[in-house]
Amino acid sequence: MLSDNLKVLLASTQAFAIKTQNFHWNVEGSNFPQYHEFFNTLYEDVSATIDPIAEYIRVLGVYTPGSLSRYAELSIIQDQIKIPRAQLMFAESLQDCETLGELVVAMFDIATNERQQGIANYMAELQDLYGKKAWFIRSTLKTERE
Ligand SMILES: [Fe+2]
């Protein structure tokens with residue numbers, strides 16, 4: 001059911017938002033100002049999608065999950081309790097953007113099949129968001145040419 005998928009997306013987005021804020025606070029390295037800023041923007045952009053996703057669940061007539069323990073159960077984004085090195089923070093964030101990107105692409109089809117065009121449209125927007133974030137991170141991770 002579309003609302004069940006939206007619950008997974010909501011929980012996974014919450015989990016990713018927490019992780020990006022962790023990285024924003026704890027990242028270190030010679031490019032600290034840019035890294036700190038990058039993770040702040042990532043956190044803000046990801047967080048901004050939480051409320052619309054939750055409200056789409058309500059639009060479908062279903063109650064939305066709102067507790068940490070439910071999010072931990074439902075999320076497909078792995079929690080990070082450590083402080084990885086900067087490179088690993090970027091690599092992990094890239095993987096998470098790809099995971100969320102794949103999820104919203106699958107959900108676009110489900111929403112379309114259920115004739116929920118507004119939700120499908122929002123899934124397309126999220127595909128765009130995670131695609132762009134993945135590009136930023138891939139470019140950051142790339143070793144410069146000699
Ligand atoms: Fe901050």
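Okay, let's start with the largest pocket: Ala11, Gln14, Ala15, Ile18, Leu68, Tyr71, Ala72, Ser75, Ile77, Gln78 and Asp79 line it. By lining I mean residues with an atom within 4 Å of a pocket point; on a 1 Å grid over the protein atoms alone, a pocket is an open set of points with protein on both sides within 12 Å along at least five of seven lines.

Quick housekeeping: this is a predicted model, where local features need pLDDT of at least 70, side-chain atom pairs count only at pLDDT 80 or more, and totals for chains, interfaces and linings use all residues. Residues are numbered from 1 along each chain as its sequence is written, and side-chain values use heavy atoms, with hydrogens and water left out.

Back to the pocket. Its volume is about 200 Å³, counted as the space filled by probe spheres set on the points. Helix α1 gives the largest share of the lining, four residues. Helices here are DSSP runs (H or I, at least four residues), numbered from the N terminus.

Now, what does α1 do with α2? The axes of α1 (residues 2–26) and α2 (residues 32–47) come within 8 Å and cross at roughly 160°. Axes are lines fitted to C-alpha atoms over the stretch in contact, with angles from 0 to 180 degrees between N-to-C directions. So α1 and α2 are roughly antiparallel, the word for angles over 145 degrees.

Who's touching? On α1, Thr13, Phe16, Ala17, Thr20, Gln21, Phe23 and His24; on α2, His36, Phe39, Asn40, Leu42, Tyr43, Val46 and Ser47. Contact means heavy atoms within 4.5 Å.

Note on methods
Helices (H or I, at least four residues) and strands (E, at least two) are DSSP runs, numbered from the N terminus. Angles under 35 degrees count as roughly parallel, over 145 as roughly antiparallel, 65 to 115 as roughly perpendicular and the rest as oblique. On a 1 Å grid over the protein atoms alone, a cavity is a set of points where a 1.4 Å probe fits but cannot get out, and a pocket is an open set with protein on both sides within 12 Å along at least five of seven lines; lining residues have an atom within 4 Å of a point.
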